[in-house]
Amino acid sequence: MTERQKDRPWLMRTYAGHSTAEASNELYRRNLAKGQTGLSVAFDLPTQTGYDPDHILARGEVGRVGVPVSHLGDMRRLFHDIPLEQMNTSMTINATAMWLLALYQVVAEEQGADIAKLQGTTQNDIVKEYLSRGTHVFPPGPSLRLTTDMIAYTVHHIPKWNPINICSYHLQEAGATPVQEIAYALSTAVAVLDAVFASGQVPEDRKGDVVARISFFVNAGVRFVEEMCKMRAFGRLWDTITRERYGIENPKHRRFRYGVQVNSLGLTEAQPENNVQRIVLEMLAVTLSKDARARAVQLPAWNEALGLPRPWDQQWSLRIQQVLAHESDLLEYEDLFAGSHVVEAKVDALVAQCRAEMDRIQEMGGAMAAVESGYLKAQLVSSHAERRARIESGEEKIIGVNCFESTEPNPLTADLDTAVQTVDPAVEARVVRALADWRTTREELADRQGRGEPFHFPRVREALDLLKEAAAGTENLMEATVECARAGVTTGEWAGALREVFGEFRAPTGVSGAPLAVPAEDGSPLALVRDKVAKTAADLGTGKLRLLVGKPGLDGHSNGAEQIAVRARDAGFEVVYQGIRLTPEQIVAAAVAEDVHCVGLSILSGSHAKLVPDVLARLERAGAEELPVIVGGIIPSADAAALREAGVAAVFTPKDFGITEIIGRIVDEIRGANGLAPLEVPV
């Protein structure tokens, strides 16, 4: 078969961005030179949550999990010498998606691009932020309006852009079963489309254009047969919904269009070399079936459970894709699973179960109502707890973690401190200084404009006032947002203006509604830890041991914190868990006010080196320096040693998968801190 007869390969991306716009631009250009065919931009947490780098909540987070983009100047540097009219760019951005798209549009205009030719995607799925990833800002109603306005704007002005990438990826990371992943994502799509069409911003004859630009971003786990069937079920249900609910007749408009990042939840810190074969199997789930093949794929690196991948690690993941697409014969054949009775039976079962769950959500009032009621979050916390219980019992096997644990020395991780990329701590200070310079410069330009000198930037205050006026009314917010971008407004100023009008939202944690996930019969590990908790409470003369679970900074990945909170509750603790995005000051104030016996901090973003010592120092000033503090997250070994040296009682990383055992260790730390003898209770 000739090359022309083969299917076109999918877009190949690596999810990348860190430190500064300049460093990320260099990384993008190197990856494109290696054969990457699209860009996937990772933004840091302040950018994702609408804060400038000098905000108190941004401490320790700047440039950690992505690139900081504070204003138009940063966006210019991010895409320097990358022609945007020729690029396909995915931006993983949600609450502030409208703002980042506006900056992207203005940079493209400055490059001389026709914005009608811009191609790419903004994730812009706020529902999954409420449920799993935690970078939401505004309440559901205003958030849905931002999404609606963006979709309407792009259909009219940037017609090749995917304004929303409904993201079930993070639902699976939060514990979703295949049925939940499909049902919750499609329920989100229904809520969004209903809102767009109800807004009156799109004429009836262009409804197909709206549906055609809805894309999805999914997760593919290691159960690759089930995952492939999941994708076929996704496509079948989407075709039915768009035809029956919205009357879309053109099959091209109804096509299920999706990109994929394969599963990061299943990547292990133990024997991390095994992650390579996991990644390959997960990629096959979304590429083997032609009728359900992804149109864009990005793969994690083998060492992401250890820390930030290096450029070489990302190159390895890109080469995995290239070998499959260009060396194998996969793209030469029609669908390999057509007519398979095994596959059809599995797909039929998934479709039926998903329809039942979607009907349940619609009866509640739709996806937004199910978010606000806490139903969706509680279901995910429960599913995740059940999965963790299966792993701890050995029912679900993880090679190198709960079975086949013996291993030869690993040359890839012989020097753990160089096995991942680190972000220079001085980067944050440089970014903050650059932001101050930007504010000074733009004010000087505005002053020149005020004196009648020619300059195309409107004043910052005027642009922000227009944005707030639009937000308080009903007009589309995208035009005012684009003007803010041109004016030199910063990310924090744009989001701050909308916070004034819309307010903020704290999503339900789902912890209180999660059922008991592990058995607690006599002699079981949980029963033994319960006994340990009860005896320690009695020894201390208190009704219950109290554990504060805190998430300092902007890290919204709360899955681990929620599982600790649920298991501690089941073990007999009184748990204080207030959700995500807390300052060290708030955490210490809660610990003192609630008179807790231990503080547990969960941080996955890499900001532990700055935030944990701050918590320790504040506890000391509050006279609670004897209170044991434990820390969990993706923490390199050198950092873990430094935290223990600073006074942290214990550090837990992904290799510590036994949650009941962790709870037992917490009790040990409480006893030690209070001068109690160890309890000889097996765990």
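Biologist: What is the strand order in the open sheet that has β1 in it?
Modeller: In this predicted model, the order of that open sheet of five strands is β1-β10-β9-β8-β7, and the pairing is parallel. The strands at the edges are β1 (11–13) and β7 (164–167), and because each has a single partner strand, one side of each is left without a neighbour in the sheet. From one strand to the next, the twist averages 25°.

Biologist: How many bridges join β7 to β8?
Modeller: Four bridges join β7 to β8, which covers residues 214–220, and the two strands run parallel. Within that pair, C167 stands opposite F217 in β8.

Biologist: And which strands does α10 touch?
Modeller: Helix α10, residues 224–244, packs on the sheet and touches β8 and β9 (258–262), with its direction at about 160° to that of β8. Helix α12, residues 311–326, lies across β1 and β10 (296–298), and it runs at about 160° to β1.

Biologist: At what angle do α8 and α10 pack?
Modeller: The angle between α8 and α10 is about 25°, and their axes are 10 Å apart. With angles under 35 degrees counted as roughly parallel, that makes α8 roughly parallel to α10. The crossing of these two helices is right-handed.

Biologist: Which residues meet there, between α8 and α10?
Modeller: On the α8 side there are P178, E181, I182, A185, L186, A189, V190 and L193, and they meet E226, K230, A233, F234, L237, W238 and I241 in α10.

Biologist: Moving to the inside, which residues have the most contacts in the largest nonpolar core?
Modeller: Those are M75 and F216, in a core of 146 residues. Helix α8, which spans residues 178–198, gives the most to this core, with 13 residues.

Biologist: What does M75 touch?
Modeller: If residues up to four places away in sequence are not counted, M75 touches V69, M91, L100, L103, Y104 and V107. Apart from that core lies another, of 30 residues, and I580, I630, I663 and I666 are among them.

Biologist: There is another sheet, with β2 in it; what is the strand order there?
Modeller: That open sheet has five strands in the order β2-β3-β4-β5-β6, with parallel pairing. Here β2 (15–16) and β6 (161–162) stand at the edges with a single partner strand each, so one side of each is left without a neighbour in the sheet.

Biologist: How many bridges are there between β3 and β4?
Modeller: Strand β3 (residues 39–42) pairs with strand β4 (residues 88–92) over four bridges, in the parallel sense, and L39 stands opposite T89 in β4. On the β2 side, the pairing of β2 with β3 is also parallel and runs over two bridges, with Y15 opposite S40 in β3.

Biologist: Changing topic, where is F337, and what is it in contact with?
Modeller: F337 lies in the loop between α12 and α13 (341–363). Leaving aside neighbours within four places in sequence, F337 is in contact with M228, R232, L288, S289 and V343.

Biologist: How do α20 and α25 pack?
Modeller: Helix α20 (residues 525–540) packs with helix α25 (residues 659–673) at an angle of about 15°, and their axes are 10 Å apart. That makes α20 roughly parallel to α25, and the crossing is left-handed. Residues of α20 including L526, V529 and V533 belong to a group that meets residues of α25, among them I663, V667 and I670.

Biologist: Last one: where is K655, and what is its relative accessible area?
Modeller: K655 is in the loop between β15 (650–652) and α25. Its relative accessible area is 47%, so K655 is partly exposed. K655 and K532 are 123 residues apart in sequence and 24 Å apart in space, C-alpha to C-alpha.

How values were computed. Residues are numbered from 1 along each chain as its sequence is written. This is a predicted model: local features need pLDDT of at least 70, side-chain atom pairs count only at pLDDT 80 or more; totals for chains, interfaces and linings use all residues. Side-chain values use heavy atoms; hydrogens and water are left out. Two strands pair if DSSP finds at least two bridges between them. Axes are lines fitted to C-alpha atoms, for helices over the stretch in contact, and angles run from 0 to 180 degrees between N-to-C directions. Contact means heavy atoms within 4.5 Å. A nonpolar core is a set of buried Ala, Val, Leu, Ile, Met, Phe, Trp, Tyr and Cys residues joined through side-chain atoms within 4.5 Å. Buried means under 20% relative accessible area, exposed over 50%, partly exposed in between (1.4 Å probe, protein chains only). Angles under 35 degrees count as roughly parallel, over 145 as roughly antiparallel, 65 to 115 as roughly perpendicular and the rest as oblique. A crossing is left-handed if the near helix is turned anticlockwise from the far one by less than a right angle, and right-handed if clockwise.
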